[in-house]
Amino acid sequence: MQREELHRLAAEHRRSLDGFAHHILVCAGLGCPGNEDIVAALRKEIAERHLESTVLVRKAGCMGLCALGPIVLILPDEATYQAVRPEDAGDIVAALGHAPVERLLLPPDLPFFTRQYKNVLALSGRIDPESIGDYLAAGGYSALFTALTEMRPADVISRIQESGLRGRGGAGYPTGLKWATVAKAAGEKKYLICNGDEGDPGAFMDRSILESTPHAVLEGMIIAAYAVGTRHGYIYVRAEYPLAVRRLRLAIREAERLHLLGHAICGSNLDLNIQIRLGAGAFVCGEETALIESVEGRRGIPRPRPPYPAEKGLWGYPTLINNVETYANVPSIITRGPEWFAALGTDKSKGTKVFALTGTVKHSGLIEVPMGMSLREIVFDIGGGIPGGRAFKAVQTGGPSGGCIPAAFLDAPVSYESLGELGSIMGSGGMIVIDETSSMVDIVTFFMEFCMDESCGKCIPCRVGTAQIHALLTKFQQRQATVADLAQLEMLCDLVKHTSLCGLGQSAPNPVLSTLRYFRQEYLDRIAPPAFAQEDSP
Amino acid sequence: MPAKTQAQHSTDDRRWQLLERAMQRHDFRPDALIETLHAAQDAFGYLDPSTLDYISSRLRVPPAKVLGVATFYNHFHLKPKGEHTLTVCTGTACHIKGNDRILAWVRDRYRLTPGGTTADNRLSLVEVRCVGACALAPVILTDGTLAGKKSFEEAIAIIGEWLNDAT
């Protein structure tokens, strides 16, 4: 496909969409169950009123505010309806062209919407994820054309470097540097992998991106393939995300049909085939070398690094491995320029970040904010604070590898550096709000049980250490711990953190360490008085 | 038990053909083992020893490696499931919102622990680490249908109704 043809297709599709006076977009993500019934009810209503030629009902991606779903968006009015049921179809259709349905309407000035800055999620909820025409009409794949026709691979890499984009999977390694290393690596054969093994319980950014704008991820991957010089790509997705997998398969087929993927992409000499590999429920596979083992069909057991995958990865060849959200950031950096991207965020953490805001917070859902926004703004403005008049206790970031940040640090900006200084991590973007009714010891025991279960067993510090830490935490939970247990807990955490092979073990103690730092009293309160401890011990 | 030949299997059952086709799609490459196990579980509902043996011989992967992979990943089940499956999400958000209460209730009411099936083969209980619908926590799935944002009382009412309705 040539550029003119792409423009023609995009224009045709836009014309066909513009032919409808009203668009009703229904969120068809996993977060809005029952959306099929709503779509059916709306279509029936429109047929009964003979409005088929003026009103278009479509399934769209995630609109973010899952807590108040199912969400329906009316365009061009920009009216957003909440908690829609199939019975509301009549009122919604009747109100088209008139005042919106008051009882369903979300205030347009809701901070949840106004305080966000959407870049990766800009098209999420506004296009049909199952239509490549929609993505083209919204300017999709133009970044790919720009890269292929106006830039050499080295130019693409320098743009990514200038933008300051860092890996969105959690570690925050500079993306451009990784690309440059793979591009420089010797040898003809190289691989490209997209890490969609979002195993952190409490996070669903990658699921939403894959479900809402699968083509943006593909476009980012194709641009990356051009930049580093590879013809083979894999997307590794969790099997727990069947809808994301289905939409991704469709997106790959559609892109191949238009020669945006496959042989001689866009008439250039770039070839790329992308295959999907399904995960099978192993948290450790989010670690890049374990993921590579899994793609090769084995148990997900991490390899020692170095050599890093950029030098020796899949089948021993140089491999570029980036997270879903990282790839989804690429097209806009190419289109809008690295300066635009670098102007967003903080000094060292550029751009925006998508977070899954959940736990005890009013407006839980999927959000995107510029880096550097304070936790307070995220939890209380965008999230609407804690429901039921309870008090905020902590916000947990980074899942089982992260930490809990107490109220005293609510004004800290969200960036790789500041979260690290607070003893947590950015992680992939899970953000769980915890209120005063939850016990930190309980939450930490939960995370440690998770890490213990998910430890692959290769290295001893992680395999044995997580089990021992869990046993100690259980003693605290049951109020049978001793002062010596507390000392041993701290010693073990330090040991596991510094001697484990991979990120899973190295970061598993983080939740314990951060709560020992900020909520030490909760541990002390659970140390049994000596006499009681003696009675209970065998 | 020696693995059956392909011919025996394909005459037996269409499910073996599905499995065969999945392996064919990947040119019987040993690295497509996980994809093949997915296909086998989709076809049969679980992975039994004869299926694993068959995959081992077709992909030329040692039986120990096939079993190793099948047991490493949580998604694969080596035992058949009951008529109905209740899936309880135990991700962080669901934990905070009290899904452990639902698990405890199922344990008492149906004498079921995660991974188990009732004696009458009616109900299986599966615990999953996050289905990614955290904003709807706590989440349960009744035969794959998601129910979220339910109180403990609402959730057990849904389960009760589902099991009665479904018979």
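**Chains A and B**

Modeller: Chain B is divided into domain 1 (6–72) and domain 2 (84–165). Bear in mind that this is a predicted model.

Biologist: What separates the centres of domain 1 and domain 2 of chain B, in Å?
Modeller: Taken over C-alpha atoms, the centres of domain 1 and domain 2 of chain B are separated by 30 Å. The C-alpha atoms of chain B fill a box of roughly 50 × 30 × 25 Å along the principal axes.

Biologist: How many helices and strands in chain B?
Modeller: Chain B has eight helices and four strands. Starting at the N terminus, the order of elements is α-α-α-α-α-β-α-α-β-β-β-α.

Biologist: And what percentage of chain B counts as buried?
Modeller: 37% of the 167 residues of chain B count as buried. As for contacts in chain B with a separation of 6 or more, 57% are between residues 24 or more positions apart.

Biologist: Now the interface. How many residues of chain B are in contact with chain A?
Modeller: On the chain B side there are 31 residues, in contact with 36 residues of chain A. Helix H3 (33–44), helix H5 (63–72) and helix H6 (92–96) of chain B each supply at least two residues of that side.

Biologist: What's the side of chain B that touches chain A like, by class?
Modeller: That side of chain B has 19 nonpolar, nine polar and three charged residues.

Biologist: Switching to chain A. Where is A:Ala89?
Modeller: A:Ala89 is in helix H3 (residues 89–94) of chain A.

Biologist: Why does A:Ala89 count as buried?
Modeller: Because A:Ala89 has 24 C-beta neighbours inside 10 Å, and the cut-off for buried is 20 or more.

Biologist: Which residues does A:Ala89 touch, leaving out those up to four places away in sequence?
Modeller: A:Ala89 touches A:Ala41, A:Leu42 and A:Glu45. A:Val39 is 50 residues from A:Ala89 in sequence, with 8.6 Å between the C-alpha atoms.

Biologist: Next, sheets. What is the strand order in the open sheet of four strands in chain A?
Modeller: The order is S7-S6-S5-S8 in chain A, with parallel pairing. Strand S7 (273–278) and strand S8 (319–323) of chain A each have a single partner strand, so one side of each is left without a neighbour in the sheet. Neighbouring strands of this sheet are turned by 20° against each other on average, ignoring direction.

Biologist: What packs on that sheet?
Modeller: Helix H12 (residues 288–295) of chain A does, touching S5, strand S6 (232–237), S7 and S8 of chain A. The direction of H12 makes about 110° with that of S5(A).

Biologist: How many bridges join strand S5 of chain A to S8(A)?
Modeller: Five bridges join strand S5 (residues 191–196) of chain A to S8(A), and the two run parallel. A:Asn195 stands opposite A:Asn323 in S8(A).

Biologist: And the sheet with five strands, what order is that in?
Modeller: That open sheet of chain A runs S10-S9-S13-S11-S12, with mixed pairing. Its edge strands are strand S10 (365–370) and strand S12 (403–406) of chain A. On average, neighbouring strands there are turned by 30° against each other, direction ignored.

Biologist: How do strand S9 of chain A and S10(A) run, parallel or antiparallel?
Modeller: Antiparallel, with six bridges joining strand S9 (residues 352–359) of chain A to S10(A). In this pair, A:Ala356 stands opposite A:Leu366 in S10(A).

Biologist: Which strands does helix H15 of chain A lie across?
Modeller: Helix H15 (residues 375–382) of chain A lies across S9, S10, strand S11 (392–397), S12 and strand S13 (430–435) of chain A. H15 runs at about 115° to S11(A).

Methods. Residues are numbered from 1 along each chain as its sequence is written. Chains are lettered from A and ligands numbered from 1 in the order in which they are written. This is a predicted model: local features need pLDDT of at least 70, side-chain atom pairs count only at pLDDT 80 or more; totals for chains, interfaces and linings use all residues. Two residues are in contact if their C-beta atoms, placed from the backbone, lie within 7 Å. Ala, Val, Leu, Ile, Met, Phe, Trp, Tyr, Cys and Pro count as nonpolar, Asp, Glu, Lys and Arg as charged, and the others, Gly among them, as polar. A residue is buried if 20 or more other C-beta atoms lie within 10 Å of its own, exposed if 12 or fewer, and partly exposed in between; C-beta atoms are placed from the backbone. Two strands pair if DSSP finds at least two bridges between them. Axes are lines fitted to C-alpha atoms, for helices over the stretch in contact, and angles run from 0 to 180 degrees between N-to-C directions. Domain bounds come from an automatic or database domain assignment.
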